[in-house]
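Take a moment to look over the sequence and the fold before reading on, and then follow the overall picture down to a single residue.

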Amino acid sequence: MNWEYIHDFISGRKNDGMKVLNLFAYTGGASVAARAAGADVVHVDSVKPTISWAREIMELSSLDGIRWVVEDALKFVTREARRGNKYNGIILDPPAYGRGPEGEKWVLQNLIDEMVHCCSEILAAGIVFLSSVFIPWVFLH
């Protein structure tokens, strides 16, 4: 349902240069849906084998151009905020618990507030979306 929402949201707008960030991106279904709709996509996951699977899914979908990042999602978002980078859409599907590539510990209940705050800092002005596994939100920022 979320992949369809993401694809339809992007497809329904003039998306020249629309940038989408997929955090905790797993095997990339949402990344592929956003790319298929025409968005520039950055796919972030801390587990390198899932990046390989996601790239294979992209290629099997006859797509290209997704930027692959193997990194702790919170570290990546914090750095993007410092750099002033902005996204029109953020897909946020964190696990309850996990580890980053350098052993960083992710505990949802301890870090979700910081993650949502950092995500709000990198949302572009205008109509944007922040989508989670549970609820898609569209709002003016």
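What percentage of the 141 residues in the protein is buried? Buried residues, meaning those under 20% relative accessible area with a 1.4 Å probe and protein chains only, make up 47% of the 141 residues. The model is a predicted one, in which local features need pLDDT of at least 70, side-chain atom pairs count only at pLDDT 80 or more, and totals for chains, interfaces and linings use all residues. Residues are numbered from 1 along each chain as its sequence is written, and side-chain values use heavy atoms, with hydrogens and water left out.

The protein has five helices and eight strands, which are DSSP runs (helices H or I of at least four residues, strands E of at least two) numbered from the N terminus. From the N terminus on, these elements follow the order α-β-α-β-α-β-α-β-β-β-α-β-β. The radius of gyration, taken over C-alpha atoms, is 14 Å, close to the 14 Å that the globule rule (2.2 Å times the number of residues to the power 0.38) gives for 141 residues, so the protein is as compact as a globular protein of that length. Along its principal axes, the C-alpha trace spans about 40 × 35 × 30 Å.

Now turn to one residue, I57, which is found in helix α3, residues 48-60. Leaving aside residues up to four places away in sequence, I57 touches T27 and V32, where contact means heavy atoms within 4.5 Å. The C-alpha atoms of I57 and S31, which lie 26 residues apart along the chain, are separated by 9.9 Å.

Technical notes: Buried < 20%, exposed > 50% of the residue type's maximum accessible area, 1.4 Å probe, protein only.
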